[in-house]
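Here's a quick briefing for anyone opening this structure for the first time. Have a look at it, then read on.

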Amino acid sequence: MSALLVLLLPLLAAAGIALVWKKDEEFSAQLSIGAIALGFVLSLGLFAFTPAKPQEFAFNWLAVGDLKISFGFLLDPLSKLMLLVVTGVGLMIHIYSRGYLHGDRSFSRYFASLSLFTFSMLGIVLANNLFMMFVFWELVGVSSYLLIGFWFEKHSAADAAKKAFLTNRVGDFGFILGILLTWLALGSLNFTELASALDGKALPFASLVEPLNRLVGSTNWWTVHPNVLATLVGLLLFMGAMGKSAQFPLHVWLPDAMEGPTPVSALIHAATMVAAGVFMLCRIFFLLEIPGSHALEFIAWTGGVTALLAALMALQQNDIKRILAYSTLSQLGYMVMAVGLHAPGPAMFHLTTHAAFKALLFLGAGSVILACHHEQNIWKMGGLHDAMPRTWWTFRWGTLALCGVWPFAGFFSKDAILASALEHKNIPLFVLGVFVAGLTTFYMSRLVLVAFCGNARSEAASHAHESPGVMTWPLVALALPTLLAGAIGIDAFIAKALPSEHPSPNEGLLNNLFAPFNHNILAAGFGLLAVVAGWQLARTLYTNAMSDPLPEKIGVFAKMARDRFYFDELYAWLIRVTQETLARLADWVDRWIIAGFVVRGTHGTTELVGRVLRLVQTGSLQTYAFLFAAGVVLVLAWQLLGTSPTH
Amino acid sequence: MNVGLEHYLTVSAMLFCLGLLGVILRRNVLVIYMSLELMLNAANLALVAFSRFNDNLTGQTMVFFIITVAAAEVAVGLALIVALYRKRQSAHVEDLTSLKL
Amino acid sequence: MILPDALFYLFAFLTLLFGALVVANPFSRNPVTSAMFLVLTICAMAGLFVLLNAFFLAAVQILVYAGAVMVLFLFVIMLLDLKEEQRRKINLFGIVTGSGAVLGLGFLLTRTIWGGDFSQTATPKVIGDTKALGLELFTKGQFLLPFEIVSVLLLVAMVGVILLSKKELK
Amino acid sequence: MSLLSAIFLLPLLAALVVLCIPRNYKFVIRLISLGATFAAMLLALALFARYDAAPVENGFKFVERHAWVSVSALKLDIGWHLGVDGINLGLIVMGAIVAFAAACVSREIKRLEKEYYTLLLVMTGGILGAFASLNLFFFYFFHELALVPTFIMIGVWGHGENRNYATFKITIYLSLGALLALAGLIALYLQSGANTFDLVELTKKVKSRPLPLAAQSFIFPLLLFGFGILVSLWPFHTWAPLGYGSAPTATAMLHAGVLKKFGLYGLLRVGIPLMPDGAGAWLEILALLCLGNIVYCGLVAMRQKDLNLLIGNSSVAHMGFIFLGIASLNLVGVTGAVVVMVAHGFLAALTFGLSGALREKTGTLELEKLGGLLRQIPFLGAALVMAMLAGCGLPGFANFVGEAMVLFGSWRVFPLVTTIAAWGALIIGAVYMLRAIRNILHGPGKPEWAELQDASAWVKVPFVLLLGALLLLGIWPRLLIDKIQPSVVPIIAMAEAKSADKAVRPSDLKKGAEDAKQRAVRPR
C-alpha cells in the first residue's frame with residue numbers, strides 16, 4: 001500500500017501545481033519537494049523493514065479476450081533499491097533546483113514537470129508487467145521532453161527536446177514490438193508469470209515457429225528458427241533500453257539534452273532516466289538469457305562500443321556539461337556491457353554508485369556555472385579551487401569516484417564489472433574496459449585541472465564566489481554515498497534480487513574494502529594502473545595550460561572527436577534521404593496523382609465529352625432529320641442483319 | 001406472276017423513302033411538311049394492303065383514324081408555320097437556327 | 001385476271017412518279033408545284049386503295065386528303081406568297097449523306113419484305129365498303145371509344161390553331 | 001419517446017424551434033442550440049450510466065420498435081427500430097459530447113447564425129440518429145440527413161481560397177460513397193431474402209441460412225468501398241484533409257470526429273457479421289489499404305504547411321488504425337478498433353476545435369507565420385500540446401489504449417503489416433505532431449503575435465470537456481471496454497463461423513499458441 005502512495009504522491013503534486021497554477025514559487029516548490037521527501041522516507045521504510053521475498057499486488061486494468069493487462073507493483077530487492085536511488089537523488093535535486101531556478105518566470109511549470117517525471121520514473125521501477133513498464137516508459141519520454149524543452153524560447157532547446165523525444169520513440173518502437181512478440185509467444189506480460197512460463201521449458205518459442213513461419217513464411221526467403229526468435233525478442237526489448245539509456249546507435253540525443261537546466265541534466269541524465277534502461281535489462285534478464293539466444297553478446301558489445309565511443313568524444317569537449325554527459329554515456333556503456341556479460345548484479349551496483357557521484361558532479365558543475373555567470377566553457381574558468389572550496393572538494397570526490405580510485409564507490413562497482421568480464425573469459429571486452437577507465441581518468445582530470453586548478457582565465461571566473469547554502473548542502477549530502485557506497489555491501493543486497501547471481505555473504509565494512517583485491521587481483525590491479533596512467537598523462541598536458549594542446553598532437557582525430565564523429569550529420573542525412581524523400585514523394589503523389597490525375601482527370605474527361613456533344617447541336621433542321629434517319633437505319637440494320645433473314 | 005402483298009409493301013416502302021428524302025433534302029418548310037404527308041400516306045398504303053391480304057378490316061379502320069389525325073396534324077402544323085413565318089419572315093430552314101448551341 | 005395486275009403497276013408507277021416530283025421537282029422550285037403533285041399522288045393512291053377493295057377509304061382519301069388537306073396547304077402557300085426560291089448553294093455533303101441513309105433504309109425495308117414469307121389469302125371475302133366499315137367501327141364495340149377520342153382530338157386541334165394564329169394582342 | 005430516441009430527437013426539435021425564431025435574436029438562437037446539445041449530452045451520459053453489460057436477448061438494450069411501412073406485397077419492411085449495444089453506445093455518447101463542444105465553438109460564426117445553427121442541430125440529430133437506429137433504412141436516412149448540412153456549411157461558412165473546390169470535392173466523393181453503400185445495402189436486402197431492412201431479423205436470418213458465397217463476394221466489396229470512401233480509406237482519402245481544411249470549426253469537429261465513424265460502424269455492424277466469407281477474401285487487401293492510410297497519410301501530413309491540413313491528414317491516418325483493427329477480425333483487435341473510434345472522435349474534435357480557436361485569434365494557420373505562441377496563449381498552447389501528444393499515441397490518453405489493443409489484435413494475423421503500422425503510428429505520427437508543436441508554440445515570440453491574449457473562460461469549456469474525456473478513458477479504459485467487449489463477441493463468432501477453407505486464419509495460429517501455453521480454453 002505504501003508503494004502506491006510513493007507512486008501517486010509526485011503525481012498529486014504535479015496535478016496540484018498544474019491545477020492551481022499560481023505564479024508564486026513557494027507553493028509549487030514546497031508541494032513537490034514535500035511529495036518526494038515523503039516518498040523518500042516511505043521508500044526508506046520499504047527498503048529496511050519489508051521482507052526480502054518479492055511481494056506483488058495488482059488489479060486488472062484491461063481484460064479483453066486473451067489479453068490481460070494488470071496495473072500492479074512488484075516489490076523485490078531490485079525495485080526497492082531503485083526506489084531508494086530515484087527518490088533519494090531526486091530529493092537532492094529538487095532541493096538544489098529550488099535554489100538554481102530561483103526567480104525563473106515559469107518556476108511552477110518546472111516543478112510540475114519534475115514531479116511528473118518522478119511519478120513516471122517510479123512507475124517504471126514499480127511496474128510488475130511489461131505493458132505497464134512501456135506506459136511509464138513513454139511518460140518518462142514525455143516528461144523529459146517537457147524538461148529539456150523548459151526554455152522553449154531558445155531554438156536549440158526546443159529542437160533538442162524534439163530530438164530527444166523522437167529518438168526515444170524509435171527505442172519505444174522496438175520495445176512495443178518486443179512486448180508483442182513476448183505476448184504472442186508466452187501469452188502473458190507479467191514478470192513472475194513469464195519467469196515461471198520460461199524456466200523448465202526447453203525452447204518456449206518452438207511452438208510458435210511453425211504457424212508464424214507459415215504466416216510470415218510466405219516470403220519464404222528466411223525460415224524462422226527458435227533461436228532467431230529468442231534473440232529477436234531479446235534485441236527488441238534491448239532496443240527500448242537503447243533508446244532510453246542512449247546506447248550506441250540512439251545516443252545522439254543525450255549531449256543535446258544538456259539544453260535543459262542543469263538540475264534536469266543531473267536528474268535525468270545522470271541518476272534516473274538513463275538508468276531506467278539498465279534497470280529494465282536487469283528486470284527482464286531471464287528473457288535475455290534463454291538458451292540459444294545470442295542477445296547477450298550483442299548487448300555486451302553495444303555497451304562496450306558505446307563506452308569507448310563516448311569516452312573518445314569526451315576528450316575534446318570544452319563545455320563542462322557536455323563532458324559530464326559523455327562520461328555518463330560511457331558509464332552507461334559499462335553497465336550495459338556488464339549486463340551483456342551475464343552480470344546484472346555488478347551492473348545494478350555500478351548504476352547505484354554512478355547515480356550518486358554523477359549527480360554530485362552535475363550539481364557541482366551547476367554551481368560552477370552559476371558562479372561564473374552561466375559560463376559553461378571550461379577554458380573560460382580556472383582557479384576556482386580556492387574561490388569555491390566546498391564545491392571544489394565535493395567535485396574532487398566525485399571525480400575520484402568516477403575514475404575508480406580505491407576507497408571511493410566507483411572503484412568497487414567498476415572493478416566488479418571488470419572482474420565479471422574476466423570471469424566470462426571475454427578478454428577483448430576486459431581490455432576495452434580498462435582502456436576506457438584510463439580515458440575516463442584522462443578527461444576527468446583534464447576537466448578538473450583546467451576548470452579548478454591553474455589561474456582564472458576569464459574575468460568572470462576571477463571573482464567567482466561559493467554558491468549559497470541551499471545548493472551546496474545537497475553536494476555534501478551526495479558526497480557521503482560517493483565515498484561509502486562501495487564498501488557497505490550494496491552488491492550483496494542486489495545479489496539477493498537476481499536469481500542468476502551467487503550471493504556472496506556481506507562480511508562487514510572492513511573486509512569489504514579489500515574484497516575486490518582478494519576476489520580478483522588482476523582486474524583491480526589493471527583498473528588502478530589505468531587510473532594512474534590517465535592521471536599522469538593529463539597532468540603533463542594540462543597543468544595551467546592556456547589552450548588545449550591535444551589538437552596538434554592528434555590532429556584530425558581531435559576535430560572528429562569534438563564533432564562527435566559526425567553521427568548527427570549522418571543521421572540527418574539518413575533521415576533526409578529516407579523519410580523526407582518518402583514524404584515528398586507521398587505528398588507529390590497525393591497532390592498530382594490522386595488529387596490531380598484521378599479527380600481532375602474525371603472532371604476533365606466529363607467536360608471534354610460535354611464539349612464534343614455540343615458540336616452535334618448545329619441548329620439546322622437538316623442535320624437533325626438526317627441524324628434521326630441515320631439512327632433508325634443503324635438500329636434496323638443491326639437488328640435485321642444480325643438475324644439471318646431466312647425464317 | 002400475280003401481284004402479292006410484297007409488291008404493295010415495296011411500293012409503300014419506296015414511297016416512304018421518297019418522303020424521308022424530301023424531309024432531309026428540301027429546305028423549304030412547307031415542302032418538308034408535304035413530304036411528311038407523303039410518308040404518312042405510305043404507311044396508310046401498307047396498312048390497307050395488310051388488311052386486304054389478311055382478310056379483316058382492322059387495317060382499314062386504322063387508316064380511317066390515321067387520316068383524321070393527319071388532318072388535325074396538318075392544321076396545327078400549318079398554323080405553326082404561319083406563326084413562325086410571321087416571326088421570322090422566312091420559311092427557309094437555314095434561317096431558323098436559333099436552336100444552335 | 002391480268003387486268004388488276006396491270007392496273008396495279010400503272011397506279012404504283014404513277015404514285016411513285018408523282019411522289020418523286022413532289023420531293024425533287026426538276027422544273028421549278030415553287031412549292032405550289034409540289035403541292036399539286038402531292039394531290040396527284042393522293043389520287044393515284046386512291047386508285048391503289050380501290051384495287052385493295054378499300055372502296056370507302058379511296059373515297060375518303062380523295063375527299064378529305066386531296067380536298068381538305070391540300071387546300072389548306074395551298075391556302076398557306078398563298079398566304080405566305082412564297083416566291084420562287086433562289087437556288088442556294090447545294091450542300092453536297094448533306095445531299096450525299098442524306099440520300100445514302102435513305103437508300104440504306106430502302107434497301108433494308110425491301111430486303112426484309114422480300115425475305116419474309118407472308119401468309120396471303122388469295123381472294124378476300126371481306127370488302128371494305130361503307131356498310132362493312134360502319135359495322136366494324138360501331139357495332140363490334142372495339143373502336144367506339146377511339147372514335148369519340150378522335151373527335152375530341154379534332155376539337156383540340158381547332159382550338160390550338162385559333163390560338164396559334166391569333167395576333168399578339170397585348 | 002424513450003431515453004434513446006430523446007437523445008437525437010431533441011436536437012432536431014431544437015432545429016425546428018430555431019427556425020421559428022426571427023433572425024436578429026442571435027443570442028436566443030445560440031442559447032437554444034447550446035441548451036439542446038447540452039441536454040442531449042446529459043441524456044447520453046445517463047444512457048451510458050444506466051447501460052449495464054448484462055447480456056440481453058439479441059444483444060440490444062433500450063429497444064424501441066414501431067412498424068412504419070411494412071407492405072407485405074412488396075416484401076418491404078421499413079420500421080423505426082432503435083437499440084443500443086456496446087458498440088454504438090460509446091459512439092452515441094462521444095457524438096453527443098462532441099456536438100455540445102461544437103455548439104460551444106461555433107461562437108466564431110458571425111453571419112447567418114440562424115441558418116448555421118439550424119444546420120448544426122439537424123446534423124447533430126442526424127448523426128445521433130444514424131448511430132441509434134437498427135433499421136438499415138433509417139440507418140442510411142439519418143446519415144444522409146447529417147451529410148447534407150455538412151456540404152452546405154462548408155460551402156457557405158468555410159474558410160480558405162479553394163473553399164468551393166473543397167465543397168464540390170467532398171460532396172461528390174461522399175455522395176459517390178453513399179451511393180455505393182446504398183447499392184450494397186439494397187443488394188444485401190434482396191439477396192438475404194429476409195424481406196426486411198431490420199438488422200436484427202437480418203442477422204437472425206443470415207445466421208440460420210448464410211448468404212451464398214457468390215452473393216457475399218459481390219456485396220461485400222460494394223459495402224467495403226462504399227463505406228471506405230465515406231471513411232477516407234486510402235486511395236479515396238483526398239477529400240478529407242481538403243474538406244476539413246476549409247470547413248468551419250464545428251463542422252470539421254462533427255464530421256471528422258463523429259460522422260466519419262458511420263462507415264466503420266456500418267462495416268462492423270453490417271459488413272463483417274452478415275458476409276463472413278466475402279469479408280474473409282477482402283481482409284488482406286483491407287489490411288494493406290489501411291497501411292496506406294497510416295504510413296502514406298502520415299508522410300503527407302509531414303509535408304503540410306497548414307495546421308488544418310496536417311490535422312486532417314493525421315485523422316485520416318488514425319482511420320487506418322481502425323480499419324486494421326477491424327481487418328484483424330479477433331476479439332482484441334475489433335474491441336480496440338471501437339475504442340479508437342471513440343477516442344479519435346474526441347481527439348479530432350479537440351484538435352479541430354483548437355485550430356479553429358487559433359485561427360480565430362491569429363487569423364492564419366500557416367505554420368511559417370505562427371511561432372512562439374506558448375508564452376502568449378498558455379492554456380490553448382498547453383491544450384494543443386496535450387492534443388498533439390494524444391494524437392501520436394501517448395499513454396494516459398484513450399487513443400493509446402485503442403491503438404495498443406489494435407496492435408495486439410492484428411499482430412497475430414498480419415505481423416508485417418502491424419510492424420509497419422506501429423512504425424507509422426509511433427514514429428511518423430510523433431514526427432509531424434512534434435514538428436507542428438515546434439513551429440507553432442516553441443521558439444522565440446514573434447512581434448506580430450505579441451498582443452495575443454489567451455482564451456476566455458467560456459472558450460475553455462469545450463476543450464476542458466474533451467480533454468477530460470480523453471484522459472478519463474485513457475486512465476481507466478475498462479469503463480468503456482467492459483461494455484464493448486460483450487457486444488463484439490457475437491460479431492466475431494459470426495465472422496469466424498464460416499467455411500474453414502482459409503489457409504491461415506487466426507484460429508489456427510491461436511491453436512499453435514495455445515498448445516505452447518497449455519492454457520484453459522479461453523473465451524472465444
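Let's start with Met92(A), which sits in helix 3 of chain A, the helix that covers residues 77-100. Bear in mind that this is a predicted model.

**Around Met92(A)**
- If you skip the neighbours within four places in sequence, Met92(A) is in contact with Ala359(A), Pro474(A), Ala477(A) and Leu478(A).

**The nonpolar cores**
- One of those partners, Ala359(A), turns up again in the largest nonpolar core, which has 434 residues.
- Ala359(A), Ile7(D) and Met253(D) are the residues with the most contacts inside that core.
- Which residues does Met253(D) touch, leaving aside those within four places in sequence? They are Val98(D), Ala101(D), Ala102(D), Val105(D), Ala348(D), Ala349(D), Phe352(D) and Gly353(D).
- There's also a second, separate core of 74 residues, and it includes Ala629(A) along with Phe37(C), Leu57(C) and Leu80(C).

**Which chains meet**
- There are 4 pairs of chains in contact, and chains B and C share the most contacts of these.
- Chain B and chain D have no contact joining them; their closest C-alpha atoms lie 27 Å apart.
- Chain C and chain D aren't joined by any contact either, with 34 Å between their closest C-alpha atoms.

**Where chain C touches chain B**
- Here, 68 residues of chain C are in contact with 59 residues of chain B.
- On the chain C side, at least two residues each come from helix 1 (2-23), helix 2 (31-51), helix 3 (55-80), helix 4 (92-115), helix 5 (130-138) and helix 6 (144-164).
- Helix 3 of chain C gives the largest share of that side, with 12 residues.

**How chain C is divided**
- Chain C splits into domain 1 (1-90) and domain 2 (130-170).
- The C-alpha centres of domain 1 and domain 2 of chain C lie 24 Å apart.

Definitions and conventions: Residues numbered from 1 in each chain as written. Chains lettered and ligands numbered in written order. Predicted model: local features only at pLDDT ≥ 70, side-chain atom pairs only at ≥ 80, totals over all residues. Contact = placed C-beta atoms within 7 Å. Helix = DSSP H or I, 4+ residues; strand = E, 2+ residues; numbered from the N terminus. Domains from an automatic or database assignment. Core = buried A, V, L, I, M, F, W, Y, C linked by C-beta atoms within 7 Å. Buried ≥ 20, exposed ≤ 12 C-beta atoms within 10 Å, placed from the backbone.
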